[in-house]
Every structure is written in C-alpha cells, then in structure tokens.
Amino acid sequence: EISLGLVGSEMCIRDRSYLVTVMRGWFEQDICTYQQIEQEIIRLSNIKKYEFKVLKIFGQTAKPSKQQLEFIEKWRTMGFTVEMLEIAYNKCVDNTNKLNYKYIDTILSNWAGKSITTPEQVTHEDEKYHTSKKNKNTNKQTSYDLDDFEKFAMNFDLEKSGKL
C-alpha cells in the first residue's frame with residue numbers, strides 16, 4: 001500500500017519522489033500498461049508476504065540485512081514453502097542453538113539437490129540418514145584383530161622387551 005500523504009491538493013515532496021522512482025523503475029522494466037503494473041504490485045506483495053512469514057518463523061524482529069533478504073529471495077525463487085523453511089530453521093537451531101542463515105541455506109540447497117520439497121520427503125531422508133549412520137557404526141571394521149592382540153598381550157614379557 002502506498003500512502004500519498006496529500007497536503008492540501010498536492011503530494012508531499014517525499015512521496016512524489018518515491019512515486020517518480022517507482023515509475024522510473026517500471027519504465028526501465030518495460031512495465032507500462034495497467035495490467036502489467038497490477039501484476040508487478042501483486043508480485044512485490046507476494047515477495048513481502050513471504051519475507052514477513054519467514055521472519056516471523058525465525059522470530060526475527062529486527063529489520064533483515066541485505067544478505068538475509070537475498071537468502072530469503074533465493075529460497076522463494078527455489079520454490080521452498082514457508083513450512084519447509086520452518087523445518088530447516090528448526091534443524092538449524094537444534095544443531096547450532098541459534099539462527100544462522102548460511103546454515104539454513106546449506107540445508108535447503110542440499111534438499112534442492114535431492115529434489116526434496118515436502119516435509120514427508122525430509123522425514124524419509126532423515127530416516128535414511130540415521131539408518132545408514134547406524135549401519136556404519138555397527139559394521140565398522142577395526143584395523144586390527146582383537147584375537148591376535150590378546151595372544152600378543154598374553155605372551156608379552158616386559159623384562160625381555162627392555163622396557164622395564
């Protein structure tokens with residue numbers, strides 16, 4: 001929403017310069033018809049709504065930095081829903097105890113690379129990861145044979161080794 005801030009029958013200079021800037025931008029983007037202007041306003045409104053929802057999930061009350069806004073726009077462009085961002089945020093906080101945009105970006109980029117787009121797919125991927133991690137730990141082969149080591153230890157003589 002744009003408040004024109006009318007003073008008498010004239011716009012405030014601040015509002016006029018803002019409108020000139022917006023109109024110049026539209027002209028440079030070849031947005032000239034009423035329909036194009038309406039579509040651009042809807043597009044920008046959707047971006048702001050997405051940003052607002054993400055900031056709310058993150059519990060961020062301070063104005064986001066330029067880099068944070070770039071991350072949010074990247075995630076929106078990648079097609080991640082706000083629900084998916086909430087899952088990534090929770091994973092980030094669970095692992096780091098703080099909000100970290102780069103960490104969340106790594107999670108989301110990983111999911112994008114694996115075409116993970118739903119909470120169910122995240123759950124499935126997490127289960128798969130934990131199962132493979134569990135299997136690695138139980139199937140881990142040592143680089144030595146415990147039976148051979150035990151035989152060596154039983155027959156080891158400190159006096160003969162010269163270590164006593």
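What pattern does the protein follow when read along the sequence? Going from one end to the other, the pattern is β-β-α-α-α-α-α-α-α-α. Counted up, that gives the protein eight helices and two strands. Keep in mind as you explore that this is a predicted model.

**The protein as a whole**

The protein has 164 residues, and 21% of them count as buried. It exposes about 13100 Å², with carbon and sulfur atoms supplying 54% of that area. Now think about who touches whom. Among contacts with a separation of 6 or more, 50% are between residues 24 or more positions apart.

**A cluster of rings**

Let's look at the aromatic side chains. The protein has six aromatic pairs. One of them joins Phe 58 and Trp 75, whose ring centres are 6.3 Å apart, with 70° between the planes. An angle over 60° counts as edge-to-face, and this pair is edge-to-face. Phe 58 belongs to helix 2 (residues 34-58) and Trp 75 to helix 3 (residues 66-78), so the pair ties together parts that are 17 residues apart in sequence.

Trp 75 has another partner, Tyr 101. Here the centres are 5.9 Å apart and the planes meet at 10°, so this pair is stacked. It links distant parts of the chain, because Trp 75 sits in helix 3 and Tyr 101 in helix 5 (residues 101-113), 26 residues apart.

| Residue | Relative accessible area | State |
|---|---|---|
| Phe 58 | 4% | buried |
| Trp 75 | 0% | buried |
| Tyr 101 | 7% | buried |

Stepping back, ring pairs link Phe 58, Phe 71, Trp 75, Tyr 89 and Tyr 101 into a cluster.

**A buried glutamate**

Helix 2 also holds Glu 51. This residue is buried, with a relative accessible area of 13%. Which residues does Glu 51 contact, leaving aside its neighbours within four places in sequence? They are Leu 69 and Ile 72.

**The two sides of helix 5**

Tyr 101 brings us to helix 5, which has 13 residues. From its first C-alpha to its last it reaches 18 Å, close to the 18 Å expected at 1.5 Å a residue.

Which residues of helix 5 are buried? They are Tyr 101, Ile 104, Asp 105, Ile 107, Leu 108 and Trp 111.

At its start, a side-chain oxygen of Asn 100 comes to within 3.0 Å of the backbone nitrogen of Lys 102. Just after helix 5, Ser 115 has a positive phi of about 55°.

How values were computed. Residues numbered from 1 in each chain as written. Predicted model: local features only at pLDDT ≥ 70, side-chain atom pairs only at ≥ 80, totals over all residues. Heavy atoms only, no water. Phe/Tyr/Trp six-rings, centres within 6.5 Å; stacked < 30°, edge-to-face > 60°. Helix = DSSP H or I, 4+ residues; strand = E, 2+ residues; numbered from the N terminus. Buried < 20%, exposed > 50% of the residue type's maximum accessible area, 1.4 Å probe, protein only. Contact = heavy atoms within 4.5 Å. Expected span 1.5 Å × (residues − 1). Polar contact = N/O pair within 3.5 Å; in protein donor to acceptor, adjacent residues only side chain to side chain. Areas by Shrake-Rupley, 256 points an atom, 1.4 Å probe, with all protein chains shown as cover.
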